[in-house]
Amino acid sequence: MSSVVTRFAPSPTGFLHIGGGRTALFNWLYARKHGGRMLLRIEDTDRERSTQGAIDAILDGLSWLGLDWDGDVVYQFARAARHREVAEGLLAQGRAYHCYASQEELAEMREAAKREGRPLRYDGRWRDRDPSEAPAGVKPVIRLRAPTEGETVVMDEVQGRVVWQNKDLDDLVLLRSDGTPTYMLAVVVDDHDMGVTHVIRGDDHLTNAARQSQIYGALGWAVPSLSHIPLIHGPDGAKLSKRHGALGVDAYRDLGYLPAALRNYLVRLGWSHGDQEIFSTQEMIDAFDLAQIGRSPARFDFAKLENLNGHYIRHASDEELVAAIEAMLPTQGGARGLAAPLDPALRDKLLAAMPGLKERAKTLVELLDSAYYLYAPRPLALDDKASGLLGNGGRERLAGVLPQLEALPDWTAASTEEAVRSFAGTAGVKLGQVAQPLRAALTGRATSPPLFDVMAVLGRDESLRRLHDQAAA
């Protein structure tokens, strides 16, 4: 199936939201699995709401997610002349017609439909009238001469056979009175001209599929394979909103998620492959198919995403994680007094500390916070729990162990541990009664990576300075 062509076609009216990211991923996986191509089309026909900032955010979000597209980006608005040409061709063949209904007439149709409790449908009043009856000075729209009897059937790879009665579908507008094409027409023409073989999109487009199928029929073009995937819902089953996590892909980057983890999480939202939860990119490509996409909305689960992200953090290389943290500093570093690129000495410390740091963190933000002890200014600000550990004799034990640490000829995790154990034994206290105040003084927190690893990463001079700060406090 080397001829497979999919497309991702977002509207640039805002960020690349999480549902759009999943749609792009499904299109990308299907194309890659079949050795085909995924094209990118920006549907920017809504000139008032389309912005360059949104286009940049979409391209940036896709790149960060690791989803590349084939060929140049296609901009729908730039193809308006081609869309007009197709509409006028349908008009010339009698498959479309000029409609001169005024805004007032259309408003009356809406009101009547509302009163009678039925869906709004254009009543076809210009379908068979002679254009010579047209009112003077009115610019017409071009409407499709849609079939009025029988049914329109969509064979959907996910939803199955979906049927609409043609009497319930009206003659949709193809070209507005100002000559601009409608979305319905533009999508059909673009998909056809771009050679798209498989349309994979959200099921909020399912009704559009009926309309677009009628346009395909009027043009005598083959309808691509259609797959309408259920939308993502929140954990409570309601439509996904910002409070559930309907954020832009860029927000997940700022929250400290790794692109590989987000990709893995998104692929399992609505698509299943046995009990497998963790997929490498190649495994996703090899396993992905349309038949295993469910028909029910998938539920977004932040806890599951965090756990998955924690797995990816633990399995990432230390260098990769330091680079990912540096990439976050423009948005996350300011409040912590950090700027990118990191000071080389601090970068080296972060790299050395990473094996201990990454075992506990579920996001890069947590990772950065747990590395606080590496970049905290002296004297360290202690949190409440750390302050508590220096009470009840903690500060005195700190002062007691200092001479043994200062006397060490070598400063390593092993040598500092030996010195602390020796002091605890001599003082007749448990190791924790010495280790906990040490941890508090060195990191400002009650929890941290293994204490003696912390001491080794900080080094002799910085460790002793911090211990003296607190012993004398």
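Predicted model: local features only at pLDDT ≥ 70, side-chain atom pairs only at ≥ 80, totals over all residues.
A pocket is an open set of grid points with protein on both sides within 12 Å along at least five of seven lines, and its lining residues have an atom within 4 Å of a point.

The volume of the largest pocket is about 840 Å³. Its lining comprises 30 residues, and those that lie nearest the centre are His17, Gly19, Gly20, Asp204 and His205. Two or more lining residues are given by each of β1 (5-8), α1 (18-33) and β9 (198-202). Of these, α1 gives the most, with 5 residues. Sorted by class, the lining of the largest pocket holds 14 nonpolar, 9 polar and 7 charged residues.

The second largest pocket contains about 350 Å³ of space. It is lined by 15 residues, with Leu120, Tyr122, Arg143, Asp170 and Arg211 the closest to its centre. Helix α4 (residues 103-115) supplies the largest share of this lining, 4 residues. The lining of the second largest pocket is made up of 7 nonpolar, 1 polar and 7 charged residues.

Helix α5 (residues 183-193) packs with helix α6 (residues 206-219) at an angle of about 60 degrees, their axes being 10 Å apart. The two helices, α5 and α6, are therefore oblique to each other, and their crossing is right-handed. On the α5 side, the residues in contact are Tyr183, Met184, Leu185, Val187, Val188, Asp191 and His192; on the α6 side, they are Asn208, Arg211, Gln212, Ile215, Tyr216 and Leu219. This contact of α5 with α6 has 8 nonpolar, 3 polar and 2 charged residues.

Notes:
Residues numbered from 1 in each chain as written. Heavy atoms only, no water. 1 Å grid on protein atoms, 1.4 Å probe; cavity = no way out; pocket = protein on both sides within 12 Å on 5 of 7 lines; lining within 4 Å. Points joined across faces, edges and corners; volume = space filled by probe spheres on them. Nonpolar A, V, L, I, M, F, W, Y, C, P; charged D, E, K, R; others polar. Axes fitted to C-alpha atoms, helices over the stretch in contact; angles between N-to-C directions. Parallel < 35°, antiparallel > 145°, perpendicular 65-115°, else oblique. Left-handed = near helix turned anticlockwise from the far one by under 90°. Contact = heavy atoms within 4.5 Å.
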